[in-house]
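Here are some exercises to work through with the model open beside you. Try each task before reading its solution.

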Amino acid sequence: MHPGRPFPLGATFDGLGVNFALYSVHAERVELVLFDHPDDATPAYTCALPERTGPIWHGYVPGLRPGQLYGYRVYGPYRPEEGHRFNPNKVLLDPYARAIGRPLRWHDSLFGFKPGDPQQDLSFNPQDSAPYAPLGAVVGEGFAWGDDHPPRIPWSDTIIYETHVKGISIRHPEVPEELRGTYLGLASEPILEHLKRLGVTTIQLLPVHAKVNDRHLVEAGLANYWGYNTLAYFAPEPTYSTNGPITAVDDFRMMVRALHAAGFEVIIDVVYNHTGEGNHLGPTLSFRGIDNRAYYKEHPDNPRFLMDFTGTGNTLDAGNPHVLQLIMDSLRYWVEAMHVDGFRFDLAAALARDLYEINMLSAFFKVIQQDPVLSQVKLIAEPWDVGPGGYQVGEFPWLWTEWNGKYRDAVRRFWRGDRGVAGDFATRIAGSSDLYELSGRRPFASINFVTAHDGFTLEDLVSYEKKHNEANLEDNRDGTNANYSTNCGVEGPTDDERILARRDALKQSLLGTLLLSQGVPMLLGGDELSRTQHGNNNAYCQDNEISWYDWDLDERKKAFLEFTRRLIAFRKAHPNFRRHRFLTGQVDEFGIKDVTWWHPGGREMTVKDWQAPELHAFGMLLRGDRIADVNAQGRPIFDDTFLVLFNAGDRSVAFTLPEAPAGAPRLWERMPEFPRSVPLLTYRPGDTARLRPHHLAVLRAR
């Protein structure tokens, strides 16, 4: 072995051999172990990395090629009370591994301490984990991208579709059986055709980083289906590949290339706030054995324990420059080598914590801000964690967009019929200017959603009042109780046509609200198919029919799918619902308001109206947004003017219709996307339109 170089980190093939470089500031010795075959119980070759440059251990092995399986043994003190958990009996996965050459198989030897020992993690486990530990694989960088290029869809035109790689195709009858549930299954023609007909622009994938399947889930016959339990930040999850774990890299690239060719952006959900090694009683798979104190935030009063701002047992220390480098190197790798178009950051508030407090001026945000690659892709924050002060909606820097949890809750509560929420509902559908305008951001800083992977599906939101998570084997204790849902009279499935009609109306109103709101809409994949999880609002461990998409649609489900397609097309056709600036309600130079909030009685809403807790129905009169400066006659050109009517109550409401802002139209015409909301096709100003309960209507000034 030659000394090699300290950069780049990881295993780098140069055509003649492989350079290995590993960060560990507290290690005393690092050994490289090479395996010939995934089934081998012992390494074929072991050699100490011969050189150390600062905290980087490195060496070069001539003659090695892509596909080589490898890991490390790291020597140092095992003193948990000081935060050190080195144990050279553990074969460790390289944090920079580009591919997983062998997945882990659970065994007691994977723990640095003796499981079941009365001293718990203070004990030392001498068992060798070599037969069971996950291994990295050396990867070559060549791939025929052809003319692949990012679609670069503007935020204002973006419609996000959140989906799971496996779940979307595993049961699709037209996807070739060998591709179902894989990266290439997602990129298959039947799935691409569905997404194109649906009209979404951006595919947001649940985590695709290689994951840890928790031991307690595996032993219970379950799995970490969602994948928020990262094992390696550079390696694609190998179980979604078509021909073994090492092919996952190229399979992922082929998926991205196919999605780009079809016009879709690809955003991946990333989990840099914690790893799959858990708390101080978790396994020693990678980071913990390489340098526990360097990678994780330790408890300042007792380094034996880790700070937990994530609810998973550990928190990565993004304040350590080398951990921050790991995160940035990983992000750039997924953009430059894997061609993704952006990221959704799980529990992003944890990345902003210095020690305890959240700091939006932390190094993490500064480094991304100045990065010429990462500052140009789409960045979405889940703007909270589970630590003190962790709810940070509206507080992220201007470059970021955010999952707007306040939007979700307000829309759910309004359509459920809660009292006193109409004002908050109006603020949210208008773009949440109270959260984003003062910081100089635009309406599309708000990622609006009604449902997401975490919680009820849209079908379940109108079919269940309580969670039903018994299949998770936690006695229904897991998952939130704050669902803001309704069962419309019967818990779960029913054949009652009256209840089904109410559920359909609510689903249309919830989805209609989402697509007609200012901001960026995000649809939960499968909602367009009326997918149900049978009331499970935390299906993270259900890699089965509870989570997988059901493509066998009855007439009711087909009708809702068609409704969804037409609604998305409607949004894309009208800039009025995807504005670049916040609605003000103020009179402009033409003497017209951009928005007027309309009372059913035929007048503008007043402060007193908004304060009435029984308010369940009102209208939003949107003057057409300017789409060009002037026409040939020197007049400004505007999109159509729309009147959107909402009725979340249990009774029909009669609306007296206004004149359009630009002058009295001859007619208000009902848009066909909402065919049964009001009885007539056309109305005159001053006419009464009776809006059905639980319905939304859109009228256009003609």
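**Exercise 1: two helix pairs**

H7 and helix H8 (residues 363-370) pack at an angle of about 35 degrees, their axes lying 11 Å apart. Before going on, note that this is a predicted model, where local features need pLDDT of at least 70, side-chain atom pairs count only at pLDDT 80 or more, and totals for chains, interfaces and linings use all residues. Residues are numbered from 1 along each chain as its sequence is written, and side-chain values use heavy atoms, with hydrogens and water left out.

Task: work out which residues make the contact of H7 and H8, and then do likewise for H9 and H13.

Solution. 
- Step 1, terms. Helices (H or I, at least four residues) and strands (E, at least two) are DSSP runs numbered from the N terminus. Axes are lines fitted to C-alpha atoms, for helices over the stretch in contact, and angles run from 0 to 180 degrees between N-to-C directions.
- Step 2, H7 with H8. The crossing is right-handed (the near helix is turned clockwise from the far one by less than a right angle). Contact means heavy atoms within 4.5 Å. H7 brings Leu324, Ile327, Met328 and Leu331, while H8 brings Ala363, Phe364, Val367 and Ile368. Sort them by class and you get 8 nonpolar, no polar and no charged (Ala, Val, Leu, Ile, Met, Phe, Trp, Tyr, Cys and Pro count as nonpolar, Asp, Glu, Lys and Arg as charged, and the others, Gly among them, as polar).
- Step 3, H9 with H13. Helix H9 (residues 405-416) packs on H13 at about 145 degrees, with the axes 11 Å apart, and this crossing is right-handed. Tyr407, Val411, Arg412 and Trp415 of H9 meet Leu506, Ser509, Leu510, Thr513 and Leu514 of H13. Here the classes come to 6 nonpolar, 2 polar and 1 charged.

**Exercise 2: the core**

Task: find which residues have the most contacts inside the largest nonpolar core.

Solution. 
- Step 1. A nonpolar core is a set of buried Ala, Val, Leu, Ile, Met, Phe, Trp, Tyr and Cys residues joined through side-chain atoms within 4.5 Å. Buried means under 20% relative accessible area, exposed over 50%, and partly exposed in between (1.4 Å probe, protein chains only).
- Step 2. The largest core has 171 residues, and Phe20, Phe252, Phe343 and Phe345 have the most contacts inside it. Helix H7 (residues 321-336) gives the largest share, 9 residues.
- Step 3. Leaving aside neighbours within four places in sequence, Phe343 is in contact with residues including Ile267, Leu331, Trp334 and Leu379.

**Exercise 3: positive phi**

Solution. 
- Step 1. Phi is near 60 degrees in Ser432 and near 55 degrees in Asp475, each a positive value in a residue other than glycine.
- Step 2. Ser432, at 0% relative accessibility, is buried; Asp475, at 63%, is exposed.
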